[in-house]
Amino acid sequence: MYNKADLTEFMEKTEFPGEAYSTFFDLDELIYRDAAYSERINALLCRYGNVKIDGMDDTLKALSAFGEEIGVSSYTLHMIYFMYLAPKLRELYRERGIAEEIYWDSMRDLRAKAIECKNVKGVWGAFVGSWFKGFFELTRFALGRLQFEEVEYNRDDYTKNGFTVYEDQKAYNMHIPSLGPLPEESVRDSFKRAYNFWKPEGGEPIVFVCSSWLLFKGHYDFLPKGCNTLKFMDCFDIIESEEQEDFGDGWRVFGKESSGPAEELPEDTSMRRAFKKWILGGNKTGYGFGIIVFDGEKIVNR
């Protein structure tokens, strides 16, 4: 199952930061130069079969315990575990005729999580290991800049511009990985890719839903006009938006500095400056839930 060249190729293809390489190469050498360690990790790798990871929570706990014993962060063990599984997932893509481009786009999420972990926890790894389940069980795919997975619409029936989305109707939940800017053209391109990937019967419109801090309507009051975040919000009919007492997603904007005093939040980007000014003004942040009905070319509910 394991080939060291696969680890190298994975980090190169997904564009892991160069400074992360030594962390994972050193851990790889530590594991595979010791027969007991390699036997232990291989037993956990064998839990991945039939497009399922048997006992995901128990597997992550076992990896954390292993990390504690060998003096390595559990976050780093969690990440390398999925990097080791990636070649098997690549085979599954091939067996199902899914384009390799989609595989690599999906696997770039591991790079995004590694950078988040470094920024927030100070180590290369993943502090949300269970999140990867959707990718490895072939229910979540990155289609260009955005990620999608099939869900059931779980709100009251929604009608706009002559199109109705019914409760429990098939929809596609959207995720926005932290992979840099979110230009409007890449967002629209992802909508088209998702439409073509799932090919709705009869050419019917497809329904995208998203619940995210990015869709908080209050952003219209303080983010720079014309910024990518507002353009992204403009794609949606945002039917829910609420303030929250704590900015639980603050780390997504400010990284590890989010836990410090508001006065000391960094101001090195326009978004950070806008959020800092808003927070220091005594204002709250929040989240929103939005719907997009897309016919393959345009959004029909806006």
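In this predicted model, helix α3 (residues 35-45) packs against helix α5 (residues 74-95) at an angle of about 65 degrees, and their axes lie 10 Å apart. Angles of 65 to 115 degrees count as roughly perpendicular, and α3 is therefore roughly perpendicular to α5. The crossing of the two helices, α3 and α5, is right-handed. On the α3 side, the contact is made by Ile 41, Leu 44 and Leu 45, while α5 contributes Leu 77, Tyr 81, Tyr 84 and Leu 85. Sorted by class, the contact of α3 with α5 holds seven nonpolar residues, with no polar and no charged ones.

Turning to the strands, an open sheet is formed by six of them, in the order β3-β4-β7-β8-β10-β9, with mixed pairing. The edges are taken by β3 (140-143) and β9 (237-244); each has a single partner strand, so one side of each is left without a neighbour in the sheet. From one strand to the next, the twist averages 25 degrees.

Within this sheet, strand β7 (residues 170-175) pairs with strand β8 (residues 206-212) in the parallel sense, over two bridges. A closer look at this pairing shows that Tyr 172 has Phe 208 in β8 as its bridge partner.

Helix α6 (residues 100-121), for its part, lies across β3 and β4 (146-152) and runs at about 105 degrees to β3.

Definitions and conventions:
Residues numbered from 1 in each chain as written. Predicted model: local features only at pLDDT ≥ 70, side-chain atom pairs only at ≥ 80, totals over all residues. Heavy atoms only, no water. Axes fitted to C-alpha atoms, helices over the stretch in contact; angles between N-to-C directions. Helix = DSSP H or I, 4+ residues; strand = E, 2+ residues; numbered from the N terminus. Parallel < 35°, antiparallel > 145°, perpendicular 65-115°, else oblique. Left-handed = near helix turned anticlockwise from the far one by under 90°. Contact = heavy atoms within 4.5 Å. Nonpolar A, V, L, I, M, F, W, Y, C, P; charged D, E, K, R; others polar. Pairing = 2+ DSSP bridges.
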